[in-house]
There are 2 protein chains.
Amino acid sequence: MSNQKIVTIGGGAGSFMVLSGLKKRPVDLTAVVSMSDDSGSTGILRDELGVLPPGDVRQCLVALSQSSQVLRDLFNYRYASGGLSGHSFGNIFLSTLEKVTGGLDLAISEAGRILRIKGRVLPVTLGNTRLVATLKDGREIIGEGKIYANAADLSKLKKLSLRPAVSVNPEIIEAIKQADKIIINPGDLYVSLIPNFLVQGLSQAIAKAQAKVIYVGNLMTKPGQTDGYSLVDYLLEIEKYLGQGIIDYAIYNKERPSDQLLKKYARQGETVVLPGDFSKLRGIKLLSYNLLSHKVSHAKKSDNLANFRSLIRHDSDKLAEVIYKL
Amino acid sequence: MSNQKIVTIGGGAGSFMVLSGLKKRPVDLTAVVSMSDDSGSTGILRDELGVLPPGDVRQCLVALSQSSQVLRDLFNYRYASGGLSGHSFGNIFLSTLEKVTGGLDLAISEAGRILRIKGRVLPVTLGNTRLVATLKDGREIIGEGKIYANAADLSKLKKLSLRPAVSVNPEIIEAIKQADKIIINPGDLYVSLIPNFLVQGLSQAIAKAQAKVIYVGNLMTKPGQTDGYSLVDYLLEIEKYLGQGIIDYAIYNKERPSDQLLKKYARQGETVVLPGDFSKLRGIKLLSYNLLSHKVSHAKKSDNLANFRSLIRHDSDKLAEVIYKL
């Protein structure tokens with residue numbers, strides 16, 4: 001039997017988790033990555049070097065890497081002081097390779113060889129674009145970084161768009177056509193996930209695909225962005241941009257985190273994503289499993305947020321098993 | 001017949017030239033690199049990340065690389081704008097790998113694998129040290145960058161030293177013991193070459209070696225540093241630090257550059273290094289050849305100095321032939 005062909009769609013952190021588990025299975029992986037990030041290290045490199053956003057691509061490359069731990073640590077290394085402060089080495093690496101090769105796609109190929117990745121990473125578009133949030137009062141917030149920083153305004157969101165409009169990376173069309181499964185990864189709904197579906201041609205390609213389309217639900221809500229959202233609310237928002245009747249399955253974690261952890265998260269305004277009223281949706285099957293990770297976090301002390309965040313998270317191996325067997 | 005075992009000793013640019021030619025021959029190469037640079041991109045990384053100087057190591061790695069042109073271009077890529085301005089990507093790469101691995105020697109091994117180098121690159125010391133110029137009036141100039149910037153004072157030089165004192169990288173002792181030939185590369189006499197011989201244990205190892213010790217003379221003098229120096233003057237200065245009776249051969253270019261080029265250089269205060277009075281030296285054989293490069297320079301327009309400098313330079317293949325056949 002030939003390998004399952006799986007296409008994943010998402011941003012950085014959620015894709016990292018999904019891909020880390022799936023790469024251990026006999027699958028052909030294609031990671032489609034959103035390309036509208038302009039915050040932090042990625043934003044500085046875009047502005048200063050005139051390159052496409054490297055951050056989410058880097059996370060997918062590291063997830064798929066079969067190279068030494070040293071190289072993976074190198075790519076994720078973040079400078080704490082001096083002129084490089086805040087940058088991740090992998091971002092600098094990809095952006096410089098893009099300058100040298102003349103294209104992010106060529107840079108990814110070269111970086112993929114060095115990192116010996118299993119599968120491939122495809123930017124959702126090779127166009128240079130920014131995310132725009134149009135609010136109900138007509139105001140616009142331009143740029144993912146600014147949208148993220150003004151998350152409270154998303155309660156007044158009318159629509160998201162990309163400016164300029166950009167077309168899907170043609171290689172993705174072919175990958176989707178041949179896919180057995182298309183995974184919509186967990187992650188920040190408005191700034192990581194939906195920006196993929198704003199790229200012209202992606203939703204149409206998914207709609208035509210033979211593949212099973214599977215959404216993996218977030219574990220926790222995001223303060224200011226998805227407060228009180230149920231799994232159904234997430235799905236309804238995604239369908240606004242992807243279209244209705246396309247998603248076949250929604251994978252949901254039914255395992256309850258400890259009260260202690262929930263309290264910690266509640267202090268940051270994050271609550272468990274509940275299933276919600278599935279009668280609002282047509283044709284999406286809800287699949288629930290125990291998917292929480294119980295591994296001890298190895299996040300560095302210096303990286304407090306990551307340490308904290310990592311406490312309620314998916315077990316990438318359990319999730320991969322569910323996806324693989326589906 | 002087994003490969004010739006060749007050890008080269010030098011700084012960045014001169015070692016790059018010598019190694020670029022030698023790597024095409026059936027030789028086992030060990031490049032010993034000076035470690036007291038603290039100027040430019042290298043100096044910033046030393047200060048901000050607390051690492052050893054990467055710049056000269058990078059040039060040797062690129063010279064020995066058998067990887068794609070893309071990777072070699074990547075390592076030499078220099079940022080022209082933004083927060084990374086002035087840095088070379090290869091320097092950032094090596095310094096970050098040193099942070100991740102915990103040692104420059106480990107970083108060089110990993111980088112050498114990625115660049116698929118032929119041979120190896122050994123920092124002359126793994127100690128963290130600075131070059132100190134003590135002048136005849138007792139003043140001290142501390143740091144290679146400052147010494148370079150105050151080159152005029154070198155006419156009043158009493159002695160060079162390293163602070164703190166550091167010991168030779170032990171791997172070098174073994175390489176020198178087994179070497180058939182030891183090449184002392186051309187390059188800046190006081191800030192690139194002699195700093196190697198200030199490291200405790202290197203000169204003694206060379207003195208004991210069975211190998212032929214061969215000095216490759218500079219083509220042109222360096223304004224403020226070696227004005228009017230003959231080949232013999234260079235050799236006498238090197239012998240002050242290396243010891244007498246150790247160098248067996250001096251390779252000298254006897255080919256005269258065009259008058260037009262010589263005029264250009266004269267405007268910068270650079271003149272041809274003449275052989276000088278060899279009766280001042282004992283036991284060093286002078287070998288003269290036509291060694292000038294007549295290849296068209298491919299230096300980038302943006303890099304005017306490199307373009308200019310590259311006009312009177314060694315042909316690395318001709319030099320490698322001389323060294324190999326000696």
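Across the interface of domain 1 and domain 2 of chain A, seven residue pairs, both at pLDDT 80 or more, are in polar contact, that is, a pair of N or O atoms within 3.5 Å, where within protein one must be able to donate a hydrogen and the other to accept it, and residues adjacent in sequence count only if both atoms are side-chain atoms. On the side of domain 1 of chain A that touches domain 2, the elements giving two or more residues are helix H2 (40–49) and helix H9 (189–197) of chain A, and H9(A) gives the most, with four residues; helices here are DSSP runs (H or I, at least four residues) and strands likewise (E, at least two), numbered from the N terminus.

This is a predicted model, in which local features need pLDDT of at least 70 and side-chain atom pairs count only at pLDDT 80 or more, while totals for chains, interfaces and linings use all residues. Residues are numbered from 1 along each chain as its sequence is written, chains are lettered from A and ligands numbered from 1 in the order in which they are written, and side-chain values use heavy atoms, leaving out hydrogens and water.

The rule also finds two salt bridges across this interface of chain A, each a side-chain nitrogen of Lys or Arg within 4 Å of a carboxyl oxygen of Asp or Glu. A:Arg130 and A:Asp47 meet through their side chains in a salt bridge (3.6 Å, N to O).

In chain B, an open sheet of seven strands with parallel pairing (at least two DSSP bridges between two strands) runs in the order S3-S2-S1-S7-S8-S9-S10. Its edge strands, S3 (120–123) and S10 (285–289) of chain B, each pair on one side only.
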